[in-house]
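Biologist: Please put the model on screen. I would like to go through some side chains and helix contacts with you.

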Amino acid sequence: PTHVLHGDSFLVPKRLAYLIAESGASDVLEANRHRLLASQAKPGELLSICRALPFMDDYRLIVVEGLLGTAESQGRGRRRGTSSESGITAQWQPFVEAIPQMPDTTILIFADGSLGARNPMLRMLKAVSEVESLSAPSGEALARWVKSAVEAKGSSISPAANQSITDLVGSDLWTLDQELEKLALYCSGREIQ
């Protein structure tokens with residue numbers, strides 16, 4: 001299975017950790033874990049890693065961080081179909097075409113920040129992977145997120161307090177999570193008001 005996770009810098013790592021745990025790959029041997037940054041990812045080398053069978057384990061986990069974002073930054077400010085975009089497509093197309101033939105024991109996850117719909121790598125990977133766009137909630141969805149986050153910390157929050165904190169912090173989930181942690185600890189089981 002191949003996954004593409006992109007969007008909010010708080011939600012993507014959370015979803016990545018969940019996917020790894022859900023797939024059973026959280027307990028794989030260190031020899032079967034590969035974490036590559038965009039600067040380290042070369043199509044041929046990545047393909048070799050993905051095609052290899054796991055060593056004395058059920059899965060091989062490969063996480064590639066930031067690769068799709070580099071394709072976006074190279075094409076930014078240019079019209080679609082430029083040589084930069086076609087160069088990215090030509091460089092990575094053989095790799096993308098090889099994804100369906102990878103062993104079932106390979107779990108490949110691309111994790112990235114926010115991407116535009118015209119990102120050439122994202123467009124190529126959509127056909128052969130599960131793509132999840134994770135954006136920070138707003139409005140009523142943000143209030144539900146706050147309530148859920150507080151409950152996960154073993155506390156509860158009044159609607160007025162929920163409104164106040166979202167008005168003050170906005171949709172910065174990192175800051176919200178830190179502040180909710182502090183409030184949950186301070187209230188120690190009582191409702192945050």
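Biologist: Is Cys 50 buried or exposed?

Modeller: This is a predicted model, and the answer is a computed one. The relative accessibility of Cys 50 is 0%. Buried means under 20%, so Cys 50 counts as buried.

Biologist: And Cys 187, buried or exposed?

Modeller: Cys 187 has a relative accessible area of 8%. The cut-off for buried is under 20%, therefore Cys 187 is buried.

Biologist: How many disulfides does the structure hold?

Modeller: A disulfide needs a pair of cysteine sulfur atoms within 2.5 Å. On that criterion, the number of disulfides in the structure is 0.

Biologist: How are α6 and α8 oriented to each other?

Modeller: Helix α6 covers residues 140–152 and helix α8 covers residues 173–187. Their axes come within 10 Å and cross at roughly 40°. Roughly parallel would require an angle under 35 degrees, and roughly perpendicular one of 65 to 115. The crossing of α6 and α8 is right-handed, and the two helices are therefore oblique to each other.

Biologist: Which residues of α8 meet α6, and how many residues of the contact are charged?

Modeller: From α6 come Leu 142, Trp 145, Val 146, Ala 149 and Val 150. They meet Leu 173, Leu 176, Asp 177 and Leu 180 in α8. The contact of α6 with α8 divides into 8 nonpolar residues, no polar ones and, for charged, 1.

Biologist: How is α6 oriented to α7?

Modeller: The axes of α6 and helix α7 (residues 159–169) come within 10 Å and cross at roughly 115°. Angles of 65 to 115 degrees count as roughly perpendicular. That makes the orientation of α6 to α7 roughly perpendicular.

Biologist: What is the handedness of the crossing where α6 passes α7?

Modeller: The residues of the contact of α6 with α7 divide into 4 nonpolar, 2 polar and 1 charged. As for the crossing in which α6 passes α7, it is right-handed.

Biologist: Which residues of α7 does α6 meet?

Modeller: On the α6 side, the contact uses Leu 142, Ala 143, Val 146 and Lys 147. Their partners in α7 are Asn 162, Ile 165 and Thr 166.

Methods. Residues numbered from 1 in each chain as written. Predicted model: local features only at pLDDT ≥ 70, side-chain atom pairs only at ≥ 80, totals over all residues. Heavy atoms only, no water. Axes fitted to C-alpha atoms, helices over the stretch in contact; angles between N-to-C directions. Helix = DSSP H or I, 4+ residues; strand = E, 2+ residues; numbered from the N terminus. Parallel < 35°, antiparallel > 145°, perpendicular 65-115°, else oblique. Left-handed = near helix turned anticlockwise from the far one by under 90°. Contact = heavy atoms within 4.5 Å. Nonpolar A, V, L, I, M, F, W, Y, C, P; charged D, E, K, R; others polar. Buried < 20%, exposed > 50% of the residue type's maximum accessible area, 1.4 Å probe, protein only.
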